[in-house]
Amino acid sequence: MSTAVVVEAPGQHRLAPHEPRRPAAGEALVRVHAVGICGSDREVYQGNRPEGYVRYPLTPGHEWSGTVTAVGDGAPASLVGRKVVGEGFRNCQVCDRCHAGETTLCTAGYEETGFTRPGAMAPTLTLPARLLHPLPDGADLTAAALLEPAACIAAAALKARAVPGERVAVVGTGTLGMFAVQFLKAASPAELLVVGTRDDREALSRRFGATDFRTKDRPLPDDCDVVIETAGSADAARTAAGLLRRGGRLVLTGIPAPGADGLDPTGLVVRQLEVHTVFGAPPDAWAHTVRMFGAGLLDPLPLVTHELPLAAFPDAIELVGSGDPKVGKVLLRP
C-alpha cells in the first residue's frame, strides 16, 4: 500500500495510506521522484514555524521533482509525461501584487505547498498546473529536487543585479550559499568571495566558482559591490553589510532566530546601502532557475549527501538538525 507522511501536530507524525487525488479542472497529478528536507520542514515537525505559516495535520514537502501522469480539464495535455518542478506559493492571480508578478506577496494571504497545503512527502502530488515548470527530457530528477531552494536564491540574484566585473560575495556555506555562488559565478564577477564558519566548505565553494574563501573570524574586505546573505545566523546580516562598499547592494535571505543583531540604520543611510530581502520565489525566479539548470550552469547533485525512503522521515529530520558537517542535502524517495 502507498503511504504518505502526515504530521498530525508538532512532534507527532504517522505514515498514512495514500491515494492519488484525481486532478480537477486546471490541475495536474505528479508522480513524485524525490523530495528535499530543509530547516523549515524541521520547524513544521518541531512546531516552531511562525503562526499562520503552517496548518496541521499536514503532509510536508515543498522541495520536489517528479513526472506528470495526468491533467484535469483545461490543463495542457502536453504536460503528461513531462518531468517537472513546481512553485509552492498558491497565489490568487488577481490581486495587484500577483498582476505585478510578485506572487510571494499575494494579498489574499499565505498558502504554500507543504505548509498549508498537502506537500510532496507522498507518492503523488496534485496541484495547479499553472505552477509547474517543465524540465528538459534528459533532466536528472534527483538533482532537480533541489531547484526550489535554488529558485529562492535566483530571486536574490535577480534583485542583486550583479553585472560582469563586479566584486561579489556570499555569506553562508549551506545549500543556499552554494547556489548563490553558482548564480553569481554566472554573472562573470571579477572576484567571488565566500564567507562561512567552516574551513571544510572551501573546496566545494571553489568548485562552484569562488575565487576566495574566508571564515568570518578572519580579516574581511569592505569593498564588495554585491553581497547575498544566506546563513540566517544571529550576526550574518551585519557581517554581510560590513563587506560592502558605500552604495553597495545587499540581499538577505536567511531567517535568524528572534533577537538577532539588526543592521545599523545610521550605517545604512550614511553608506547609502541598497538592501533587499527574499522570502520564497516568484515565477521569474523559477523560470531563471530552470533555464540555468537546463543550460548546465547549476549543479545541485554535489550538495546531496543522503537519500532515504519515505518511511525514514524521522531519521531524515534528525540528520538535518544534527549539525554533522558530513550532512548536506537530505532527500526522501517516495
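This is a predicted model: local features need pLDDT of at least 70, side-chain atom pairs count only at pLDDT 80 or more; totals for chains, interfaces and linings use all residues.
1. The packing of two helices is treated at the outset. Helix α4, residues 147-160, and helix α5, residues 175-185, have axes that come within 9 Å of each other and cross at roughly 50°. The two helices α4 and α5 are therefore oblique to each other. The crossing of α4 and α5 is right-handed.

2. On the α4 side, the contact is made by P149, A150, I153, A154 and A157, and on the α5 side by T175, L176, F179, A180 and F183. By residue class, the contact of α4 with α5 comprises nine nonpolar residues, one polar residue and no charged residue.

3. The next topic is helix α1. Among the residues of α1, S40, D41, R42, V44 and Y45 are buried. The partners against which the buried residues of α1 pack are the strands β1 (3-9), β2 (12-17) and β3 (27-37), together with helix α10. Just after α1, G47 adopts a positive phi of about 90°.

4. How many aromatic pairs does a search of the whole structure find? The search returns five. In one of these, the ring centres of Y45 and F313 are 5.6 Å apart and the ring planes stand at 90°, so the pair is edge-to-face. Because Y45 belongs to helix α1 (residues 39-46) and F313 to helix α10 (residues 313-320), this pair ties together parts that are 268 residues apart in sequence. Y45 and F313 are both buried.

5. Y53 and F279 also form an aromatic pair, with 5.9 Å from centre to centre and 85° between the planes, and this arrangement is edge-to-face. Y53 is located in the loop between α1 and β4 (63-71), and F279 in the loop between β13 (274-277) and α9 (283-294), so the pair ties together parts that are 226 residues apart in sequence. Are these two residues buried or partly exposed? Y53 has a relative accessibility of 32% and therefore counts as partly exposed. F279, with a relative accessible area of 37%, is likewise partly exposed. Ring pairs join Y53 and F279 with F89 and Y110 in a cluster.

6. The loop between α1 and β4 also holds P57. The peptide bond leading from Y56 to P57 is cis, and its omega is near -10°.

7. Q93 has a positive phi, near 75°, and is placed in the loop between β5 (83-86) and α2 (96-99). The relative accessible area of Q93 is 43%, so this residue is classed as partly exposed.

8. S188 is a residue other than glycine with a positive phi, in this case near 55°. S188 is found in the loop between α5 and β9 (191-196). With a relative accessible area of 46%, S188 is partly exposed.

Definitions and conventions:
Residues are numbered from 1 along each chain as its sequence is written. Side-chain values use heavy atoms; hydrogens and water are left out. Axes are lines fitted to C-alpha atoms, for helices over the stretch in contact, and angles run from 0 to 180 degrees between N-to-C directions. Helices (H or I, at least four residues) and strands (E, at least two) are DSSP runs, numbered from the N terminus. Angles under 35 degrees count as roughly parallel, over 145 as roughly antiparallel, 65 to 115 as roughly perpendicular and the rest as oblique. A crossing is left-handed if the near helix is turned anticlockwise from the far one by less than a right angle, and right-handed if clockwise. Contact means heavy atoms within 4.5 Å. Ala, Val, Leu, Ile, Met, Phe, Trp, Tyr, Cys and Pro count as nonpolar, Asp, Glu, Lys and Arg as charged, and the others, Gly among them, as polar. Rings of Phe, Tyr and Trp (its six-membered ring) pair if their centres lie within 6.5 Å; planes under 30 degrees apart count as stacked, over 60 as edge-to-face and the rest as tilted. Buried means under 20% relative accessible area, exposed over 50%, partly exposed in between (1.4 Å probe, protein chains only).
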